[in-house]
Amino acid sequence: VLFTAETCQPSSAGNSVFAPALPWTFMAGKRGVKLTVTDAFSLGDRFEVFDSGVSLGQTSSVPVGGACGSDPVPCLASASNATFALGAGSHSITITATTSPFGGGAAYFRIATVSTRDCKKGGWASLPNGFKNQGDCVSFIATGGRNKPG
């Protein structure tokens, strides 16, 4: 799990590191990856995620107030978050706070392998890529993103 913020410390759980300066670039393997972004610390921030300047979408809206601490695991359970399926190939990720009642925002992000299992049991609907059904999601992942959603 990676952590981004210039004035904050990595997770107290020891499961994060600072990310380098924007943008974050990487090459996804033949099946692609899933990118998860979640708010950190105080609840209420919301983020827009971009890949090569194109918006992938925003993290969920949650009520302002409370905190999830400095460990991404409990933050994912209660804070604003979103997971995006990304196709194979080169990616250049930037994340911008769109709502921040605290004058800025800190977020965790994680890049992990994606599989067709992520589409099953309604998982396709939880990915904000615009998949119209489970088969659409499975096709996207099986082709490494060559078969576009919808």
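Begin by selecting Phe109, which is buried, with a relative accessible area of 2%; here buried means under 20% relative accessible area, exposed means over 50%, and partly exposed lies in between, computed with a 1.4 Å probe on protein chains only. Phe109 belongs to strand S9, where strands (E, at least two residues) and helices (H or I, at least four residues) are DSSP runs numbered from the N terminus. If you also select Ala82, you will find that its C-alpha is 9.7 Å from that of Phe109, although the two are 27 residues apart in sequence.

Before going further, note that this is a predicted model, in which local features need pLDDT of at least 70 and side-chain atom pairs count only at pLDDT 80 or more, while totals for chains, interfaces and linings use all residues. Residues are numbered from 1 along each chain as its sequence is written, and side-chain values use heavy atoms, with hydrogens and water left out.

**The whole fold**

Now colour the model by secondary structure, which shows three helices and nine strands, arranged along the sequence in the pattern β-β-β-β-β-β-α-β-β-β-α-α. Of the 150 residues, 42% count as buried. Among contacts (heavy atoms within 4.5 Å) between residues at least 6 apart in sequence, 70% join residues at least 24 apart.

**The nonpolar cores**

Which residues touch the most other members of the largest nonpolar core? Select Leu35, Val37, Val49, Leu86, Ile93, Ile95 and Phe109, which hold that position among its 16 residues; a nonpolar core is a set of buried Ala, Val, Leu, Ile, Met, Phe, Trp, Tyr and Cys residues joined through side-chain atoms within 4.5 Å. At least two residues of this core come from each of strands S3 (24–28), S4 (33–39), S5 (46–51), S7 (81–86), S8 (89–99) and S9 (107–113). In soluble globular proteins, nonpolar side chains tend to be buried together.

Centre the view on Val49, whose contacts, not counting residues up to four places away in sequence, include Leu35, Val37, Val54, Leu56, Phe84, Ile93 and Ile95. A second, separate core consists of eight residues, among them Cys119, Leu127, Cys137 and Phe140.

**Two disulfides**

Next show the cysteines, which form two disulfides, a disulfide being a pair of cysteine sulfur atoms within 2.5 Å. Counting the bonded cysteines along the chain, the pattern is 1-2, 3-4.

Cys68 is joined to Cys75, with an S to S distance of 2.0 Å, and the torsion about this S-S bond is about 85°, so the disulfide is right-handed. Cys68 is buried at 10% relative accessibility, and Cys75 is buried at 0%.

The other disulfide links Cys119 and Cys137, whose sulfur atoms are 2.0 Å apart; its torsion of about -70° means that the disulfide is left-handed. Because Cys119 lies in the loop between S9 and H2 and Cys137 in helix H3 (residues 134–142), the pair ties together parts that are 18 residues apart in sequence.

**Charged residues**

How many salt bridges does the structure hold? There is one, where a salt bridge is a side-chain nitrogen of Lys or Arg within 4 Å of a carboxyl oxygen of Asp or Glu. Select Lys34 and Asp118, which form it with their closest N and O atoms 3.0 Å apart. Since Lys34 lies in strand S4 and Asp118 in the loop between S9 and helix H2 (123–126), the pair ties together parts that are 84 residues apart in sequence. Lys34 is partly exposed at 24% relative accessible area, and Asp118 is partly exposed at 22%.

Then move to Asp51 in strand S5, which is buried yet has no salt bridge, the nearest side chain of opposite charge being that of Lys148, 9.0 Å away (Lys and Arg count as positive and Asp and Glu as negative, with His and the chain ends not counted). The side chain of Asp51 does reach the backbone nitrogen of Ser92 at 3.0 Å.

**Two loop residues**

Finish with Ser52, in the loop between S5 and strand S6 (54–58), where phi is near 55°, a positive value in a residue other than glycine. Ser52 is exposed at 54% relative accessibility. Lys121, in the loop between S9 and H2, has a positive phi of about 55° although it is not a glycine, and Lys121 is exposed at 87% relative accessibility.

Key: A polar contact is a pair of N or O atoms within 3.5 Å; within protein, one must be able to donate a hydrogen and the other to accept it, and residues adjacent in sequence count only if both atoms are side-chain atoms.
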